[in-house]
Amino acid sequence: MKIILLKTAANYLLPLLLLFSVFILLRGHYEPGGGFVGGLIASIAFILHSLANGLDKTQELLKYPPFFFIPIGLSIAIASGLVPLFLGHPFMTVLWFEDPLPVIGLVGSALFFDIGVYVVVIGVTLTILFTISENI
Amino acid sequence: MLLAILSGFLSALLLLILGRQLKGTLPLIVSVLPISLFIYFASFLPEISSGKTVFYNLEWIPSMGIDLDFKIDGLSLLFSLLITGIGSLVFLYSSAYMKGHIYIGRFYSYLCIFMASMLGLVLSDNLLLLFIFWELTAISSFFLIGFNNDNTASRKSSLLAWAITGGGGFFLMAGFILMGSITGTYSIQEMLSSGELLKANSLYGLMLFLVFVGAFTKSAQFPFHFWLPGAMKAPTPVSAYLHSATMVKAGIYLIARFTPILGNHPYWNNTLMIVGGVTMLYAAFHSIFRIDLKGILAYSTISALGILFFLLGIGTQEALIAASVFVLVHAFYKAGLFLTVGVIDHETGTRNVTTLAGLRKVMLPIAIAAGVAALSSAGIPLTLSFISKDLIYEATLSSGKGALILTSLAILTNIFLSYSGYLVGIKPFIGKLPDQLKDVHLPSGFMWLPPLFLGFCGLIFGFFPSLLDKSLIDPVLNALGANSNNTALQIWHGLNLVLLLSAITIVCGIMLYLILKPSEQKLKMINRLDFISPHSIFNFLARSTKNTALRVTQFMHNGFLRSYLTKIIFFLVCLIGFYLIKNVNIQFYAEKLTIISIYEGVVFSMMIIAIFTIVFSSSRLVAIISTSVVGYCMCLFFVYYGAPDLAMTQFSIDTLTTVLFVLVLLKLPPYLKMRDRSAQLRDGLLAISFGTLISVIALQVLNEPTNKTISRFYSDNAYLLAKGKNVVNVILVDFRGYDTLVEITVLTIAAIGVYSMLKIKSSEIE
């Protein structure tokens, strides 16, 4: 089921959707959005790509099997909670940088936690969907 | 001290790794461990004899009251010496008995674990620590009974033993926790002073019940005794070590240990006397009908354990002296008998007492060892058990009320026991040697020296009982909280009633042996009563539990997702519906509802159309797409009511679900009309009632005054405390970040589940 229209569109949509997902992730603290939705949107981007180009192409694009994302994401999330421990605060206290970064704005350790969620969600969703579509 | 206990576990680990290298005479090296431990514990003897108690403390989990507290007093020293002493002999014996066995490393490893746990059990001064070791002995016993794991009977027996002793362990733990929470400490030493507090508590009866169930299951008391004969499937050294000399005495140890804390109360004394009395007579009577040597020994062991409980139940000073001596005596002669039976079994290949005879001609040392042990078990003068028997009679005679009944019970039991002792220790060795046993020969010295040694121990202590009284028995009595001033074990008590009773026992035992011959018929006769025995009742219960579980599982867990959903929703509808009708005053205020706007109306009609499409469509794909239409419409509602975050997430989830559905369902055969009318009607009814239920709940919620404290806290503080304007996200990553962390972990587990299930399944098909 290779539809040329879908295929062409998917190739352009992938970077756009990924960018959009990052945007959703970053703005989460002030506007609707966040790591969970962002992760889902990013997964949708990859799913769309795989529907259009086939699973192999997407896996090539990803380089690593999607379940590698899960431990990475979990570690980022946990690390963001562990850092405050070294500074004498309780686990998962949110710390903030003093000056806002350009474009992104004020950055705190909560953002890294959200990035962890984002990566885990991508990993989990893609793992489940890819395994099922491979094995059914 | 800690090292002494842990050394067993460490060696077990080492043996598992190096097990394959354990060939030839190498297993002998393992015996160094129990021997050196025996010497180590024996070195405490002078200190303990002088009335001291040695403590070792190490903090482990102080916040929960679990510390590595160990205590050596008379009682724990007596047991430690038995464990390491008999252990040394059994280790030596096994090196010959198990010679060339492929899993000899594993065997020794289990034995080491057992020895270490047993030592831990008798030395612990902390109830919870004691319980841990208690369970470890049950676990190692499980492995040892089922050591020949290619044999179904072995596996069954080990499972049975585990079920009974492990089940009893739960009771024991509950009892310990009860004791701990009443006294506020788990240290046994500290509990010694709160005996009155425990006895005055209204839960004293329950506590006793729980502790007794634990002790009785472990020490094979009626009606839990039936696992012990089954445990004889273990290799014979194991039976000698665990199921006669040491592990089954853990219950005795426990009751003895608690005597100064919980004892001296009518409940305590009467229960122990009744259970012990019933067990000792019941098992002794049963033992005379068996024809399997190990079966005879198993029943006589149960009976001996009964005697011990019985004596602890009497609880007078005489009874406690008798109990402490009998623990030692029984270990000597019963382990000796077991080891000789092991030799017979090993060399002749049979344990049937009716076919064995005349073995003295081919294995004289074994015959001597067995003979001495048999005489010991009969309590012939000049053996230690003669003294112990006298002590038992003294204890029952001086027990005051009911002395007559108790004494006759003890005499009857002892007559039966001496008969079964003769049967095992003398019968196989006298008479004419059958032809098929002519070429039986004496095994290596490691197999006949240990039983011989045990026999002579009994004789030496019998000749010189003064070796024991001040050094070991006095400290034991101290630990039991009894007066220990004038213990003096004597061979000659003078011409009195006790001597007469002893003589009656011996004469009756010999007469019984001469009259009664073991035979298959008698075994069959007693087996006819099996259907009312506790064993059959237990088996019946176990079987019916299994069958019920199977039926319930087949009904509840039949593998069809639709059936699970039906059951879950049906249950919910019944439960919540029942509650709503019974307890909630359902009210409906039309004026509270807002007017439906045009957007909402349009979206709502779209949903209705989509739902009808799902129900009546004849194509899978159409049904799936319509489902997602319903989902998207729901998202629109979220948008209208100010929940953009939820809408976004729901939107993405719906998209992914649809993709997933398409992936899976496209591979299925085309839509078929599989269901009949009645099933459709049932599902429709269920769906409508569930929908109604949810609507009613939603309307009911409107009637309740809303509590906005929590949501107000979040909206007020989101920016102040967490510097975020999106309250939902702030809750997710900050206020309740812990939850999110757990949630993504759960997601991970789900992914691993899907991945491993599908990957393993597909690789199996290949």
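Me: Before we start, what makes a residue count as buried here?
Reply: A residue is buried if 20 or more other C-beta atoms lie within 10 Å of its own. Bear in mind that this is a predicted model. The cut-off for buried is therefore a count of C-beta atoms, 20 or more.

Me: Thanks! With that in hand, which residues of helix 18 of chain B are buried?
Reply: Eleven of the 15 residues of helix 18 are buried, so this helix is largely enclosed by the rest of the structure. By name, they are B:Ile366, B:Ala367, B:Ala369, B:Ala370, B:Val372, B:Ala373, B:Ala374, B:Leu375, B:Ser376, B:Ser377 and B:Ala378.

Me: Which helices do the buried residues of helix 18 of chain B pack against?
Reply: Helix 18 covers residues 364–378 of chain B. Its buried residues have partners within chain B itself. These are helix 17 (317–348), helix 19 (384–397), helix 20 (403–425), helix 21 (445–463) and helix 23 (497–515).

Me: What distance separates the end C-alpha atoms of helix 18 of chain B, and what follows that helix?
Reply: At 1.5 Å a residue, the 15 residues should span 21 Å, and the distance between the end C-alpha atoms agrees, at 21 Å.

Me: Moving along chain B, how many residues of helix 6 are buried?
Reply: Helix 6 takes in residues 104–123, and its 28 Å reach from first C-alpha to last is close to the 28 Å expected. The helix is mostly covered. Of its 20 residues, the number buried is 19.

Me: And how many residues of helix 7 of chain B are buried?
Reply: Helix 7 spans residues 127–145 and reaches 27 Å between its first and last C-alpha, close to the 27 Å expected. It is largely enclosed by the rest of the structure, because the buried residues among its 19 number 14.

Me: Let's turn to B:Tyr267. Is it exposed, partly exposed or buried?
Reply: B:Tyr267 sits in helix 15 (residues 266–287) of chain B. Leaving aside neighbours within four places in sequence, it is in contact with B:Gly205 and B:Leu208. There are 15 other C-beta atoms within 10 Å, so B:Tyr267 is partly exposed.

Me: How far apart in space are B:Tyr267 and B:Gly431?
Reply: In sequence, these two residues are 164 residues apart. Taken C-alpha to C-alpha, their separation in space is 50 Å.

Me: What distance separates the centres of domain 1 and domain 3 of chain B?
Reply: The domain assignment places domain 1 at 314–518, domain 2 at 521–557 and domain 3 at 561–711. Taken over C-alpha atoms, the centres of domain 1 and domain 3 are separated by 79 Å.

Me: Finally, which helix of chain A gives the most to the side that touches chain B?
Reply: Chain A has five helices and zero strands, and the contact takes 39 residues from chain A and 37 residues from chain B. Helix 2 (35–53), helix 4 (69–86) and helix 5 (109–135) of chain A each supply at least two residues of that side. The residues there divide into 25 nonpolar, twelve polar and two charged. With 15 residues, the helix that gives the most is helix 5 of chain A.

Terms used:
Residues are numbered from 1 along each chain as its sequence is written. Chains are lettered from A and ligands numbered from 1 in the order in which they are written. This is a predicted model: local features need pLDDT of at least 70, side-chain atom pairs count only at pLDDT 80 or more; totals for chains, interfaces and linings use all residues. Two residues are in contact if their C-beta atoms, placed from the backbone, lie within 7 Å. Helices (H or I, at least four residues) and strands (E, at least two) are DSSP runs, numbered from the N terminus. Ala, Val, Leu, Ile, Met, Phe, Trp, Tyr, Cys and Pro count as nonpolar, Asp, Glu, Lys and Arg as charged, and the others, Gly among them, as polar. The expected span of a helix is 1.5 Å times one less than its number of residues. A residue is buried if 20 or more other C-beta atoms lie within 10 Å of its own, exposed if 12 or fewer, and partly exposed in between; C-beta atoms are placed from the backbone. Domain bounds come from an automatic or database domain assignment.
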